[in-house]
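Colleague: I would like to learn how to read aromatic contacts and helix faces from a set of coordinates. Could we go through a case together, step by step?

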Amino acid sequence: MTQTYLLEWMDLTVTSTLNPNKVDLSMITPIQSRAIIKKATQQTFLIQSQFTVQVFSLTNEKHIKILVGNYYSTLLFLLDKITEINRSNDLHKDNLKEVTATLISCLDELITFVESRFSNYLGTPFPIIERKTDRFTLVNSPSNKVLCKLSTDQTALILRASDELKILISKSMNHLFKTIVPFLSTPNKVNLSYDSMRSKAYVAEERDKEIAIETLERMIKQIKQY
C-alpha cells in the first residue's frame, strides 16, 4: 500500500522555498513569513498524528523499521539543512530569522517525537544519533540546569507574558530569553535554543496556552496556601 509522504511540505519549504541557492530570500515578505510559521506549527502536529497512524497500519516489523528509519533520517537531514540556512549571511531580515528558528524548533520536536515513541524501531539505542548541529546533548547526561516540566512552547508563553507585564525586566525580550533559557532544560532536552523558544511565544497552539494558564492557576492556589 502506497503511503502519503507526510514531510512533503516541510521538505519543499527547507530545500526549495528557503534555499538561498534557488530563490531570492529578500523577496519573501513578512506576511509570507508569518504564513510559513503558522503552517509549520500546524504541520508539526499533523505529522505526529498521521505518522502514528501510518506506523500502526503496518503489521510487518521490517516495514515499520524501514518507515521509521526513513522518516528519522529525512528529519535529521532537513534539520541540518535549515540550521545551515539559519547560519548563512542570506538572512538579512528578522522575519526570516524567525521563520528558520521556528522550522528548527518544529523539526527538533518531530525528531524527539520519533526518538521517544518509536526508538525500538531504530537501529541504535536512544538517543539515536548525535546530531551534527551541536545543538543537542543527551537528555540523561549530568546537568546543573533547572529542569522545567513545561514544554518549550508553554515556557515561552510564560516568559513572554513576564516580559510584557514587566515582571521580568530586561533591555529586550530577546535579551531576556537569551539570558534565561540557557539555564533551563526540559524532560526531552538538556540544551534549549533561546531564539527558537522565543519564536514559539508568537505561534503558540491553543492547548499550550491552556496548559500554561492551568499551571499558573495551580501556582496561585499554592501561594494562597502559604
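Modeller: In this predicted model, Phe51 counts as buried because its relative accessibility is 2%, and Phe118, at 1%, is buried as well.

Colleague: How many aromatic pairs does a search of the whole structure find, and what is the geometry between Phe51 and Phe118?

Modeller: The search of the whole structure gives five aromatic pairs. Phe51 and Phe118 form one that is edge-to-face, with 5.4 Å centre to centre and 90 degrees between the planes. Since Phe51 belongs to helix H2 (residues 30–56) and Phe118 to helix H4 (residues 94–118), the pair ties together parts that are 67 residues apart in sequence.

Colleague: Which kind of pair do Phe56 and Phe118 form, and is Phe56 buried or exposed?

Modeller: Phe56 and Phe118 form a tilted pair, 6.4 Å centre to centre and with 55 degrees between the planes, which links helix H2 to helix H4 across 62 residues. Phe56 counts as exposed, because its relative accessibility is 58% and the cut-off for exposed is over 50%. Phe51, Phe56 and Phe118 are among the members of one aromatic cluster, which also includes Tyr5, Tyr71 and Phe113.

Colleague: Which residues of helix H6 are buried, and why do they lie on the same side?

Modeller: In an α-helix, residues three or four places apart point the same way, because there are 3.6 residues a turn. The buried residues of helix H6 (residues 173–180) are Met173, Leu176 and Phe177. They cover an arc of only 95 degrees around the axis, and therefore sit on the same side of H6. Helix H5 (152–164) and helix H7 (194–200) are among the elements that cover them.

Definitions and conventions:
Residues are numbered from 1 along each chain as its sequence is written. This is a predicted model: local features need pLDDT of at least 70, side-chain atom pairs count only at pLDDT 80 or more; totals for chains, interfaces and linings use all residues. Side-chain values use heavy atoms; hydrogens and water are left out. Buried means under 20% relative accessible area, exposed over 50%, partly exposed in between (1.4 Å probe, protein chains only). Helices (H or I, at least four residues) and strands (E, at least two) are DSSP runs, numbered from the N terminus. The arc is that of the directions from the helix axis to the C-beta atoms. Contact means heavy atoms within 4.5 Å. Rings of Phe, Tyr and Trp (its six-membered ring) pair if their centres lie within 6.5 Å; planes under 30 degrees apart count as stacked, over 60 as edge-to-face and the rest as tilted.
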